[in-house]
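Please read this report beside the sequence and the model. It takes up one topic per heading.

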Amino acid sequence: MASRANHYVLLSCALLCAAALLCFQFVGRAAGDQPSKSVAASGIPVISDIRLAGDDKQTRFIIDLDKTISFRAFPLADPYRVVLDIPQVSFQLPASVGTTGRGLIKAFRYGLVMPGGSRIVFDLSGPARIANSYVLEAANGQPPRLVLELEEVDRTTFVQSLSPDNRPELRSAIATAKDTMVTTVATIEAKAEVAAEPAAAPDGPAGAMGKPAPTPDKPDAAADLRPVIVIDPGHGGIDNGTQSGNEYEKTLVLGFGLALRDRIEKSGKYRVVMTRTDDTFIPLNDRVKIARNQSAALFVSIHADALPRREGDAQGATIYTLSDRASDAEAERLAEVENKADAIGGVNLTEEPTDVADILIDLAQRETRTFSNRFARLLMGEMKTATRMHKHPLKSAGFRVLKAPDVPSVLIELGYVSNKDDLEHLVSENWRSRTVGSVAHAIDAFFAKRLETAGPAN
Ligand SMILES: [Zn+2]
């Protein structure tokens, strides 16, 4: 039973990622918010207002639209959330909308989660059920509306309202599996299951967005023997990351990632794959999957940190690698914050093979970890010539995005958007070009030995 649960979890995960990869590869940069004129011309529906009404027992959420749309609403557990999936829309709303809630809704976020698909995620103050949801045609001078009515329930009722694969009991099955698997025989079997995992994609239940998930092809990858570098700009779409004024982490790190791609592609020595090239949400697992499916030789995740004001000020860049135990309290806090991206984006967390994966990964990880650490040290050596580093620039913690067991992976926090000087750097083209150059140098140094032994790249 336990092993079946594991398998199911791995399978649904593979499907989810395949779906995301497919969209990522074929639709590319078609997504993203567009100015309202072209929105009207392109027929993308516009959300012009959002209102909340009611109290702690019953809360109503109303969206004003310019045309009716289809939708799908479902609850998620731990933390209590409701997800509303709709076709891609243009959100023409004041920036503050969603930061405070009312009644059962603590707060909500909205944005693109995939090309052609937008999402609104509600954080609930407690367990609630979707009592009613419907779309109204324009009538009596009112525009078309989408209405969602939530009603307070107890946890048992809430859990029963979840679809079977969203239920938290699945997690205890996984936890049990973890306990029983700590024997030599079981771990060998488990290793085989990991090896077989990519082949498990074709048929099965739908992915997170309820869409079929065929296995994506790898375009021309077989003929190209150059090392693959995956660049992973953090956050995106519904998940803004850290923020200072109008500067969003998701935008800053995308700019840096694209500049880094252009820089290292120019040498012709590497094939570069981006986890995202536009303002789209990508679940953490999918980022790892992209690295694994591409058989990447290096995975570089790019972020920008922020320190809550009450915790004082911090500045400079930090380079993180994976470890089970955080190197210090700040690294632990950061990993916790970065790992929340999936909850923010409305991903069903019970689908992630968290506990099982931790054990399997430990086995394959040791050698990879040596390479990750080596790259992190090279990176620090180069980056400190270009930018200010944090006083403890090399740290480690349990970042989900660094968990590809066979791909050396690092996460760079470029600086703190909460620090005035760092933010000045982060938005400066001059700084970016300099720092991108230093990262590119470190990548060259990392691969120098390998390219030597492999012969000339071209
Ligand atoms: Zn981040």
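How many of the ten residues of helix α7 (residues 284–293) are buried? Eight of the ten are, and the helix is mostly covered. Buried means under 20% relative accessible area, exposed means over 50%, and partly exposed lies in between (1.4 Å probe, protein chains only). Helices (H or I, at least four residues) and strands (E, at least two) are DSSP runs, numbered from the N terminus. The buried residues of α7 are L284, N285, D286, R287, V288, K289, I290 and A291. S295 follows α7 and has a positive phi, near 50 degrees.

This is a predicted model: local features need pLDDT of at least 70, side-chain atom pairs count only at pLDDT 80 or more, and totals for chains, interfaces and linings use all residues. Residues are numbered from 1 along each chain as its sequence is written, and side-chain values use heavy atoms, with hydrogens and water left out.

In helix α8, the buried residues include E330, R333 and E338. D328 caps the N-terminal end of α8. One of its side-chain oxygens lies 3.1 Å from the backbone nitrogen of E330.

H235 lies in the loop between β10 (228–233) and β11 (243–244), and E338 in helix α8 (residues 329–339), so the pair ties together parts that are 103 residues apart in sequence. Both H235 and E338 are buried.

## Strand β15

Six of the six residues of strand β15 (residues 317–322) are buried, so the strand is largely enclosed by the rest of the structure. A317, I319 and T321 point one way; T318, Y320 and L322 point the other way.

Two strands pair if DSSP finds at least two bridges between them. β15 pairs with strand β16 (residues 389–397) in the parallel sense, over five bridges. There, M389 is the bridge partner of A317. Strand β17 (residues 409–416) runs antiparallel to β15, with three bridges. L411 in β17 is the bridge partner of Y320.

## Nonpolar cores

A nonpolar core is a set of buried Ala, Val, Leu, Ile, Met, Phe, Trp, Tyr and Cys residues joined through side-chain atoms within 4.5 Å. The largest has 39 residues. I264, F375, L379, M383 and I443 touch the most other members. Helix α12 (residues 429–454) gives this core its largest share, eight residues.

Leaving aside neighbours within four places in sequence, L379 is in contact (heavy atoms within 4.5 Å) with I319, V410, I412, V439 and A442. A second, separate core of 30 residues includes Y80, I86, A128 and V153.

## Backbone exceptions

Most residues other than glycine have a negative phi, and most peptide bonds are trans. D78 and P79 are joined by a cis peptide bond, with omega about 0 degrees. P79 sits in the loop between β3 (72–76) and β4 (81–87). D78 is in the loop between β3 and β4. Its phi is positive, near 50 degrees. D78 is partly exposed, at 27% relative accessible area.

N140 has a positive phi of about 50 degrees and is not a glycine. This residue lies in the loop between β8 (128–136) and β9 (145–152). N140 is exposed, with a relative accessible area of 80%.

Terms used: Polar contact = N/O pair within 3.5 Å; in protein donor to acceptor, adjacent residues only side chain to side chain.
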